[in-house]
Amino acid sequence: MKNTSVDSEKCLIFGNTQTNAYNEIINSGTLSKDKKNVFKGNYVDILQNDLFVRLYNEFEHLNRSNFNSNILEHISDFLNLNPLESDTIFTIGIACYQLFLQANWTGPLLKLELKSWGSSTEVVENLVSDLDCVSKKVLYPELLVFSYAVFNSDKINISTRIWWQIRMLSTLQSLLNELSNDIKNMFEEAFEKIDRFIWETNEEEALYRLEQSKIYLSHYGNVTKASNYLNTAMKLLGLEHSLVGALGKRTKFQVKELAQLTLNVNSLKTENNENLLTTYECNNLPDDCVLDDENRLPDIKFSEESAGTFPKLNSLQQAAILNSLMLELKSKPKDDLQFEELQPFIRCLVSQKSVWSIHVSALLQRSLLEKDSRRSVERAMQQIESLVTSLEISCPLNVERLYLFHCSYVSPSWQLKANLGYIMLSIGAIQSALDWFLAIDMWEECVACYNTQGHRHKAAEILENELKSSNLTIAKHILILCLLGDATDNKSLYEEAWKLSGCRSSRAQKHWAFYYYARKEYKDSIDHFKNSLKINSLQENLWFRLGFACMVEERWSEAAEAYRRYCDLESDCFEAWNNLAKCYIKSDQKSRAYYALKEAIKCNYENWMVWDNLMVVSVDCGCFEEAIKCYHRLLDLRSKHVDFEVLSILVQAVQKNVKDENGRPAMEHRKSLLQLFGRLTSQVQNEGEIWKLYGHLEAAVPTLSKESADKVLHHLQYAHRFITQGNKWAQEKNSCLTVIELSIELAEAYIGCSNMVENNNDQKKRFLSSSKLMLVSAISQIEKEKELIENPEISEGLQKIKTILNQIKHQLSLVI
C-alpha cells in the first residue's frame, strides 16, 4: 500500500462510511465530482459521465471473438492516448462494479436505463474462454464487463487496482457454473503481486486475508489455505475464540439444566491499528425471525446470563467469526454435532447487529442449517423470504450494505430464491420447488425435480423447448444437450455437444463419462474422464471417479496419478489418500504407500481401517516403531484388535535383530513391543497364539535371566492352556502339529527354569512334574486319534514328545 496518509483509494477499498477519515475526505473539497458520488453511493449519476457513455458504446461494437482481450486492448489504447483520464476511468470502474453488486446482491434494487449488449448469459460468458462456464441470469452484466476492463488494465497505476481486480474476479467466478482455469490463473497472479505490498496497518492486511480466505473456501474448497489466511487475520486482529460448555435450558418445559455449547470470545489489544474499519453501526437491518415452536425456546436460556451474551466486536472481528463459521461448516461432516457446534457462532454474530453484510450472512447460514429440521424449517423459510424482501427496501443505503461485502457470504438475489426452492424440495413440495427453479433457469435442479416426481419425459420436454430459444449461447447449448442426454439416456447427445464445441467442451466429455460410469462400464468411462480433465483439470470429483474406474480395471499407475491430482486439489479426503496408497501397494511402491497413508491419518484420525492399513504397510517397509504406534492406536479404537501376521513379523524381526528403515537394529524396539504385548494380552486374554508370540519375544535376548525365563514359562503356559482348550485340536492335523511344537517348547522352558534352581529341589521337582503332566496329557489326547497317528509328521512329533518326557522322568528320578 502507499506509504502516505489515509487517501481516497484506501477509504474506497475499506468502505467504512462512519470513520473520521472518510468524512474528512468528502468534506476536503479535493475530490472530483465523480469520486464524491462514488463515496456517497450515487453510482447511477456516474453513468451520465460522457467518458463512460463513450467507452460503453465502443465496447458494444467490439468483436465478440476473444471479447475479454479486445476490451482490454481497447481501454489500453484509449489510456495511451489519454493518460490523464486513468483516475477518472478507475473511479467509473469502481462505480460500475458497486452498482452491479447492488443490482444483483445487496439491493436496494433499481432500474437502470442501460442499452443491453445481448442476453445476460452471453455477455458474461464472453469474459472467459472456458467453454463450459455457463453464466447465471444476471442484471446489467455490462457493468461487470466495464469494471473487468478497468481493473485488469495495467495502464492504470493506482495502488488498490489489483485488490479491486481480485474482488471483481471473485464475483465473476460466482456467476459461473464451473470453475474457470482463466480466473484461477488470474487470481494466483494477483495474489502474488499483493503479497509484495507493505501493509501500513494490521487492519489493512486482516481485511485482505479475510477476503483471500473466503475466495479459497467458497470457490475452491481449499480448507488448508483458507484456514491459514483466516488464522493470520485473527492474529492481526487480536481475536481468539473457543467453544465452551455452560448449563442451560433449551425447551420450555425442561426442568433439569444441561450443558449447552456457547462461544467464548476474547479480543486482545494489538499494535499498528488505525481503527479505519472497526467502528460501525448500521440501522434498519433485516428482521431476525423468532422461532415459534410449542416445545423449543427461541434461544438457549443459560443459568448464568453472561454465558449467553457476547462482547461487542468490531466489524472486522465479526467478519473473522463469520469466516470461522464457514470454515467449520466446510471442513466438518454434516451431522447433529456439527449443527450444535455452529449455533454459538451464529448466535454471536446475530447478537452484534451492526454490519449489514455480516448480519445477513449469519441469518442466511442459520436458515440453511435449520431447513432440514421439522421444528425450524418454517422459521428458515420465513427468514429467507424476509431477506428477499429486504433487497427491495430503500434502507439501509447501498454503501452501508456493501461494507465488508467481500469477506461476507451474502448470496445473490437469484440464489436466495433458489434456497427457497431447496427448502420446498426438502419438505416434499416438489412442484413449488420446480416453479422456483424454472423462474431462475436452474435447469439441473429442474431435471432433478422431474426425476423425483418420476416425470423424466417432462424434463426432456422443457430442455427440448429451451434448445429452441433464440438467445441460446454455445455454452448453454452444450449444457442443455448434456442434461437432455442425462434425461433421455441418449449418449449421442453428448457426442453432438462435443462436436458443437469443436472438441473443446469438458462438460460434454464429463456427462459422457458419467453415462458409462453409472452403468459400471468403467473401461469405457476412463477415456472420457481423461478428455474432460485435459480441458479443465480443476474438476476434483472427476479425478476421484477416474481413480476409482482405473482401480476397478486394475490400471494402478493411472489410478495413482488420478488420486494424486485429486489430493492436490482436495488434501483433506482420507478415502483418496487411502486409495492412493492401495494403488502404490499394487504397483509395488510400498514406501510411497506409507507416506500416502500418513496423510490419510491426518484427515481421519478415528478410522481404524486406515490405521490398520498403515500398520501393515509400515511392517512391510520396515518402519517397526510406526507399526507399534499404529497397533496401540488400533487398541484405542478397537480394544480387542488382533493381527497375528503383523505381531509375528514384529517378533521375528526382534528375534533375528534385522535393521529397520533407519538402519536401527530391531532389538531396540523390543521394549516398546513388550509393552504392546502386555497391553494386548490384558485385553485379549484367551488367544493362545498371542501368548506364544509373547513368550518368544521375552526369550529374544542373548542371555536369559531367571526373571525372563519365568516370564517365558508363564506366557507359554497360557498359550498351551488356551490352544488345548477342548479336545478338538487333536482331531485335525495342523492344530495337532501346533500343539506338539508348543508342548516341546513349554517342556524345554520347564527344563530351563528347573536348571536355574539347582539348589532348590522342591521347586525343581514342581517344574519337572508340571512338565511331565502336560506332556502325558498331550500324548494321551493324540494317541486317541488312531488315524492321525499314522501321519508321518504327527508320528515324528509324537516321538519327540515321548523322548523329552523320558528325559524329564530321568531328571525327576535324580531329584527324588
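Modeller: Helices here are DSSP runs of H or I with at least four residues, and strands are runs of E with at least two, numbered from the N terminus.

Biologist: OK. So which loop holds Pro108?

Modeller: The loop between H7 and helix H8 (120–125). Keep in mind that this is a predicted model: local features need pLDDT of at least 70, side-chain atom pairs count only at pLDDT 80 or more, and totals for chains, interfaces and linings use all residues. Residues are numbered from 1 along each chain as its sequence is written, and side-chain values use heavy atoms, with hydrogens and water left out.

Biologist: What kind of peptide bond joins Gly107 and Pro108?

Modeller: A cis one, with omega at about -10°. Most peptide bonds are trans.

Biologist: And what joins Cys395 and Pro396?

Modeller: A cis peptide bond again, with omega at about 0°. Pro396 sits in the loop between helix H17 (377–390) and H18.

Biologist: Let's follow the chain past H18. What's up with phi of Leu404?

Modeller: Phi is positive there, near 60°, and Leu404 is not a glycine. Most residues other than glycine have a negative phi. Leu404 lies in the loop between H18 and helix H19 (413–426).

Biologist: Is Leu404 buried or exposed?

Modeller: Leu404 counts as buried, because its relative accessibility is 4%. Buried means under 20% relative accessible area, exposed over 50%, and partly exposed in between, with a 1.4 Å probe and protein chains only.

Biologist: How about Asn66: buried or exposed?

Modeller: Asn66 is at 54% relative accessibility, so it counts as exposed. Asn66 also has a positive phi, about 55°, although it is not a glycine. Its place is the loop between helix H5 (50–60) and helix H6 (67–81).

Biologist: New topic. How many residues are in the largest nonpolar core?

Modeller: There are 174. A core is a set of buried Ala, Val, Leu, Ile, Met, Phe, Trp, Tyr and Cys residues joined through side-chain atoms within 4.5 Å.

Biologist: Which helix gives the largest share of this core?

Modeller: H7 does, with 12 residues.

Biologist: Which residues have the most contacts inside it?

Modeller: Phe52, Ile71, Ile89, Leu143, Ile166 and Leu463.

Biologist: What does Leu463 touch?

Modeller: Leaving out residues up to four places away in sequence, Leu463 touches Trp443, Val447, Ile480, Leu483, Leu484 and Ala487. Contact means heavy atoms within 4.5 Å.

Biologist: What about the second core; which residues does it include?

Modeller: The second core is separate and has 101 residues, including Ala513, Leu742, Ile779 and Leu812.
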